[in-house]
Amino acid sequence: MTRAPSLTLNQLGLRYPAHGSAAGVVALQNITASFPAGSFTALVGPSGCGKSSLLRVLAGLQAPTQGDMSAVTQSDIGFVFQEPTLLAWRNVYDNVALPLKIANRKSRLSAQEIDVRVSEALTLVGLEARAKALPSELSGGMKMRVSLARALAKRPPILLMDEPFAALDELTRFRLDDDLRAIWQQQKPTILFVTHSVTEAAYLAQRALVMRAGEIKSEIAIARPASQNQPDNFRAAPSFHAACAAISEALAQGERA
Ligand SMILES: Nc1ncnc2c1ncn2[C@@H]1O[C@H](COP(=O)(O)OP(=O)(O)O)[C@@H](O)[C@H]1O
Ligand SMILES: [Mg+2]
C-alpha cells in the first residue's frame, strides 16, 4: 500500500445552498485538523452535526465553500458507507472486483493483479471461502465485510468510513471492530471512522474528534498500551473506560450548552 501524505484541513467551511423553499445550511465551519498518515481517528457527534459532510469533503465528493485542504487523489481513497450497497446479481468476488475493473481502464491492472487484490481483500475480511456466494446468501455482517473488502481491494492509503457497522447487532459489530483494528495494524491506512457509538470510537481509534453544529469541539486522545492491542482485553481496561468517559463528557457539554 502506498503511503498517503497526511491530510490537513485549514479553516474549512461548507454551506449547502438554498434550493426551493429550503434555506441554505451551514454544515461545516472552522474545521482545522490534520490526519497524519497511518492514524486512526473517530468522528463522533449527534445526528446532523456534519460528520458525513466532512467525509464527503475529504473524499472530494463535495467542494468546501471556505478554507482549504491538502489535495487528495480519488484513487487514494476507499469509502465505506453504512449500507453495503452490493449488486444483488453479482457474487462476492465480482462485487469486490468491479471497482478494480472500472479503474482498470485508466490504471491498467492486469486480470491477474485484480485476482491477487480481490483474493487478498477477501482474506483480510475472512470471506475467502464465500467468494462465489450471492449477497442474498450472506448475513448483514458478511455483506458489510464484502463492502469493506471492496474498499480494501483498491489498496487505498486513506479509508473513510461512515457509520459502517451501525446497522449490525452488537456482537457482529464487536467482531468487525476487532477485524478492522487488525487490518489497520497490518496495513496502516489512514482511517477516519464516523460512529454514533462512544464505546466504538474509544475501542477503535487513537483519538476521537467530537463534533457539534458543524464544528470540531474537542479532541480526545485515547491511550491504548501496546499490551492491550489484542482483542478483548482492552474492553476491560481502565484506559478504555477513561476514554469512554472523556468522549461522553465532551458530547454532554454540547447538550448543556
Ligand atoms: N445535500 C445536502 N443539501 C442540503 N443540506 C444537507 C445536505 N446534506 C446534509 N445536509 C445538512 O447538513 C447538515 C449536516 O449533515 P450531515 O453531514 O449529514 O450530518 P451527520 O452525518 O453528522 O448526521 C444537516 O443539517 C443536514 O440536514
Ligand atoms: Mg451522517
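Ala 213 has 16 C-beta neighbours inside 10 Å and therefore counts as partly exposed, a class that lies between buried (20 or more other C-beta atoms within 10 Å of a residue's own) and exposed (12 or fewer), with C-beta atoms placed from the backbone. This is a predicted model, in which local features need pLDDT of at least 70 and side-chain atom pairs count only at pLDDT 80 or more, while totals for chains, interfaces and linings use all residues. Residues are numbered from 1 along each chain as its sequence is written, and chains are lettered from A and ligands numbered from 1 in the order in which they are written.

**Two loop residues with positive phi**

Ala 213 is found in the loop between β8 and β9 (215-221), and its phi is positive, at about 45°, although the residue is not a glycine. Lys 188 also has a positive phi without being a glycine, with a value near 50°. Lys 188 sits in the loop that joins α5 (170-187) to β7, and because 15 C-beta neighbours lie inside 10 Å, Lys 188 is classed as partly exposed.

**The protein as a whole**

The protein contains seven helices and nine strands, where helices (H or I, at least four residues) and strands (E, at least two) are DSSP runs numbered from the N terminus. Its radius of gyration is 19 Å, close to the 18 Å that the globule rule gives for 257 residues, so the protein is as compact as a globular protein of that length; the radius is taken over C-alpha atoms, and the rule is 2.2 Å times the number of residues to the power 0.38. Along the principal axes, the C-alpha trace spans about 55 × 50 × 35 Å. Of the 257 residues, 39% are buried. Among contacts (C-beta atoms, placed from the backbone, within 7 Å) between residues at least 6 apart in sequence, 72% join residues at least 24 apart.

**The sheet and its strands**

Six strands form an open sheet with mixed pairing, in the order β5-β6-β7-β3-β8-β9. At the edges stand β5 (77-80) and β9, each with a single partner strand, so one side of each has no neighbour in the sheet. From one strand to the next, the twist averages 20°.

Strands of a sheet pair through backbone hydrogen bonds, either parallel or antiparallel. Two strands count as paired here if DSSP finds at least two bridges between them, and the table gives several such pairs.

| Strands | Sense | Bridges | One bridge pair |
|---|---|---|---|
| β3 (40-44) and β7 (190-195) | parallel | five | Phe 40 and Ile 191 |
| β3 and β8 (207-212) | parallel | four | Thr 41 and Arg 207 |
| β1 and β4 (66-69) | antiparallel | three | Leu 9 and Met 69 |

Helix α1 (51-58) lies across β3, β6, β7 and β8 and runs at about 155° to β7, while helix α4 (residues 140-152) lies across β5 and β6, running at about 170° to β5. For these angles, axes are lines fitted to C-alpha atoms, for helices over the stretch in contact, and the values run from 0 to 180 degrees between N-to-C directions.

Helix α1 is mostly covered, since seven of its eight residues are buried, including Lys 51, Leu 54 and Leu 58. The elements that cover these buried residues include β1, β2, β3, β6 (158-162), β7 and β8. After α1 comes Gly 60, whose phi is positive, near 80°.

**The surroundings of ligand 1**

Which residues surround ligand 1? The shell consists of Tyr 16, Val 25, Ala 27, Gly 45, Ser 47, Gly 48, Cys 49, Gly 50, Lys 51, Ser 52 and Ser 53, a residue being near the ligand if its C-beta atom, placed from the backbone, lies within 6 Å of it. Both β2 (25-35) and α1 supply at least two residues of this shell, and α1 gives the most, with three. By class, the shell holds four nonpolar, six polar and one charged residues; Ala, Val, Leu, Ile, Met, Phe, Trp, Tyr, Cys and Pro count as nonpolar, Asp, Glu, Lys and Arg as charged, and the others, Gly among them, as polar.

Conventions:
Two residues are in contact if their C-beta atoms, placed from the backbone, lie within 7 Å.
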